[in-house]
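Dear colleague,

Please find the structure below, handed over for your study. The notes after it set out what was found.

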Amino acid sequence: MDSIEADDLYEERGAVSFSRPILQGDIFEGVVLPGFGDEPKRVQIVTHPCSMRRGPVSNERIQVAPVDSYQKVGDWNGHGRVMPLPDLLSDGKWHATKFVDLTAVAAPELTLDRRIASLSHPGIHVLQQRLVWHNTRLTLDLAKFRQQSAPILAEAEMQELWIDAVLDEGARTADAVEAAGVQFQAWLSEDDNRRRAELDAEANHAKLRRETRAAALERRG
């Protein structure tokens with residue numbers, strides 16, 4: 001299995017942009033997990049983005065796994081029960097996501113103000129690789145995960161671009177961001193889902209990003 005350095009693993013640590021849609025790999029604090037007692041936990045979303053929602057609407061429950069302190073991992077081919085999280089809190093210490101304790105939590109528990117880290121695209125691919133290995137003992141190349149995830153990750157990028165364009169930074173409250181996300185998803189579905197279909201080919205992504213930016217700026221006025 002592939003290893004990854006902390007600077008390549010995370011997209012953001014600490015304050016994560018409200019504009020970024022909630023995605024696989026995001027880490028949250030203060031989440032009470034059913035069956036894990038009353039003490040709030042730190043958790044990571046492990047479910048695939050396509051399985052988290054239908055269009056703009058999140059599922060009622062989302063798969064997560066608890067994150068705890070962990071030893072430094074030298075060989076990423078081992079430790080198959082966890083996703084290593086080096087320097088998660090920017091303090092040099094290691095944490096890990098415990099796949100054996102995978103569970104589901106009510107979606108409203110995963111609020112934007114509780115999110116403390118998000119993964120880069122390569123980081124998400126490494127998480128997916130380790131999840132598959134944990135569940136099947138099959139190791140797949142990261143290139144396969146990159147190819148499979150490209151459309152949904154491009155969609156998430158475009159939604160973030162849209163929100164940044166239509167909302168001033170000071171106006172990006174949780175409610176405003178959610179409303180702008182719904183607006184983006186409706187625009188994506190126009191023309192009989194033409195843009196959603198085009199997301200399947202990476203060759204279309206640059207054109208779609210330009211269309212996203214232009215349409216968002218029109219709505220900003």
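At what angle do helix 4 and helix 7 pack, and how far apart are their axes? Helix 4 (residues 142-166) packs against helix 7 (residues 205-220) at about 25 degrees, and their axes lie 9 Å apart. Helix 4 is therefore roughly parallel to helix 7, a term for angles under 35 degrees, while over 145 counts as roughly antiparallel, 65 to 115 as roughly perpendicular and the rest as oblique.

Before going further, please note that this is a predicted model, in which local features need pLDDT of at least 70 and side-chain atom pairs count only at pLDDT 80 or more, whereas totals for chains, interfaces and linings use all residues. Residues are numbered from 1 along each chain as its sequence is written, and side-chain values use heavy atoms, with hydrogens and water left out. Helices are DSSP runs (H or I, at least four residues), numbered from the N terminus. Axes are lines fitted to C-alpha atoms over the stretch in contact, and angles run from 0 to 180 degrees between N-to-C directions.

**Helix packing**

Helix 4 passes helix 7 in a right-handed crossing (the near helix is turned clockwise from the far one by less than a right angle). The contact (heavy atoms within 4.5 Å) includes Ala-150, Pro-151 and Ala-154 of helix 4 and His-205, Leu-208 and Arg-209 of helix 7. By class, this contact of helix 4 with helix 7 has twelve nonpolar, two polar and five charged residues. Here Ala, Val, Leu, Ile, Met, Phe, Trp, Tyr, Cys and Pro count as nonpolar, Asp, Glu, Lys and Arg as charged, and the others, Gly among them, as polar.

Helix 4 also packs against helix 5 (residues 174-188), at about 120 degrees and with the axes 9 Å apart. That angle makes helix 4 oblique to helix 5. The crossing of helix 4 and helix 5 is right-handed. Among the residues in contact are Met-158, Trp-162 and Val-166 of helix 4 and Phe-184 and Trp-187 of helix 5. The classes in this contact are nine nonpolar, four polar and one charged.

The axes of helix 5 and helix 7 come within 12 Å and cross at roughly 125 degrees; these two helices are therefore oblique to each other. Gln-183, Phe-184 and Trp-187 of helix 5 meet Leu-208, Glu-211, Thr-212, Ala-215 and Arg-219 of helix 7.

The search used a 1 Å grid over the protein atoms alone: a cavity is a set of points where a 1.4 Å probe fits but cannot get out, a pocket is an open set with protein on both sides within 12 Å along at least five of seven lines, and lining residues have an atom within 4 Å of a point. Grid points are joined across faces, edges and corners, and a volume is the space filled by probe spheres set on the points.

The whole structure holds one cavity of 30 Å³ or more. The largest cavity contains about 40 Å³ of space, and its lining includes Arg-20, His-121, Leu-153 and Glu-157. Helix 4 gives the largest share of that lining, four residues.

The second largest pocket has a volume of about 150 Å³. Of its 13 lining residues, Gln-24, Val-46, His-48, Gln-128 and Leu-131 lie nearest its centre. Helix 3 (121-136) and helix 4 each give two or more residues to this lining. The lining of the second largest pocket divides into five nonpolar, eight polar and no charged residues.

Yours sincerely
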